[in-house]
Amino acid sequence: MDDLLVIGGGSAGITFAKFGASLGAKITIVEANKLGGDCTWTGCVPSKSLIHAAKIAHTAANAARYGIAAKPQIDFAAVMQYVHSVQEQIYQHDDAPEVLRKAGARVIEGRARFYDDQTVEVNGELLRAKHFCIATGSHPKIPAIAGLAEAGYLTNEDLFLLDELPKRILVLGGGPIGCELGQALLRLGAEVSLIQQGSRLLPKDDHAMGAALAQALKTEGMQIYLNTNTVKVEVNAGAKHVTIETSGQAPQTLVVDAILVAAGRTPNVHNLGLDAAGILYDPERRIHVDQYLRTSNPRVFACGDVIGRYQFTHVAAQEAGAVLRNALFPGQSAMKYELVPWATFTDPEVGHVGLNEDQARAKYGNSLRVYELPWSANDRARTEDATQGFTKILAIGRKEQIVGVHIIGQGAGDMINAAVLTMGTGVSASKLGGLINVYPTRSQGLKMTAQRSFTRWLEKPWLQRALRWYFR
């Protein structure tokens, strides 16, 4: 009997296979499609590969400003071949069945469904295990818009199968997926419009980040419509006519060749036999789990997108580690989410960890201090002509405890990891500002922002008077 049977071979499932088996546990992974999951085939890997190619095209197109003559010729089919080659490299190195079997796990290709509260059925075979974990991920949420299904649309699940770039693209959704893919397609030669129902892009990030990113995207030529609803889609002469309504304005029609839906995610909970296993869930939202990631069935855990918390590859892997701890060893360890970082890989990138300013102000009131530094003050950013953006540190109390860090700028996704370490080890803003950093680096901007916690004291009138008296 297996110690743990995992349904789903994405980021969490692969973590189980490699680390669970290395502990000596008997681990079985059941995957209905292809190992690697959303991250390898429709998410992180292809999107970041596409973004990389698009950035090269953008850099070449703007090379004249640096005294270099260049005119890029974009072969979209070849770009997609590059994307697929990266996917295959990562799959063969990290995800392929033989890799997981070599690590010590059993891999079964097939669709799993709970037969009862302690048995799953796969390919007609009944399998039992001491514990189970559901890690089936999520799929794109499709909004209820009249005519959308009939007109046809793209999602991240089929965008990377294209070999020809549509000339005019409408993106539905201003979250990370919509912003990242929209900018990449824009840089590769498409005309891109983006519709966001809310008042800003990246609504889960600090309010200042969405505004700054919108300005950057508009500068490149993207048309952005905020506070806008998509009413209907009609097909006329082979083009898609999309009627939209922006708050306070008359309805208008956008004519496009393709619609990319990036309006959120829905957990994959259907056809798993959850009722037969006594597992509570919301069909459109998530499987219910406690702080230990255990479902209402004590034998069954769940992690990753399917529990509807943080839908990131790195969080799914972390949750898988917690499930291994709780399923295989005595005692229980709660999953902690206080320091979950994330990044949006647009250009400029956006990095986030901790509370945003609105949350921190609501929680700490007047004890909150906000330190900001524009990237135009960073010498490395100046040398690379990448001064678009700023760094924001949120600190509280006399000890200047950091409760949130937000960065928009080139390389923010890497820089935010240093902020996680800073917050996780309790380094104060004043202590961070006193550390020695390599010059010139972009990450020095984090230190320079933290230094504002010191310079703010120098701005106090009583201290200025005291210093003048002292030096006299």
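The model is predicted: local features need pLDDT of at least 70, side-chain atom pairs count only at pLDDT 80 or more, and totals for chains, interfaces and linings use all residues. Residues are numbered from 1 along each chain as its sequence is written, and side-chain values use heavy atoms, with hydrogens and water left out.

**View 1. The whole protein.** The C-alpha trace spans about 90 × 65 × 45 Å along its principal axes. Buried residues (under 20% relative accessible area, 1.4 Å probe, protein chains only) account for 50% of the 472 residues. The secondary structure comes to 16 helices and 23 strands (DSSP runs: helices H or I of at least four residues, strands E of at least two, numbered from the N terminus).

**View 2. An open sheet of 4 strands.** The strand order is β10-β9-β8-β14, with parallel pairing (two strands pair if DSSP finds at least two bridges between them). At the edges, β10 (223-225) and β14 (258-261) each pair on one side only.

**View 3. Strands β9 and β10.** Strand β9 (residues 191-195) runs parallel to β10 and is joined to it by 3 bridges. Ser193 stands opposite Gln223 in β10.

**View 4. Helix α7 on the sheet.** Helix α7 (residues 176-187) packs on the sheet and touches β8 (168-172), β9 and β14 (contact: heavy atoms within 4.5 Å). The direction of α7 makes about 165 degrees with that of β9 (axes are lines fitted to C-alpha atoms, for helices over the stretch in contact; angles run from 0 to 180 degrees between N-to-C directions).
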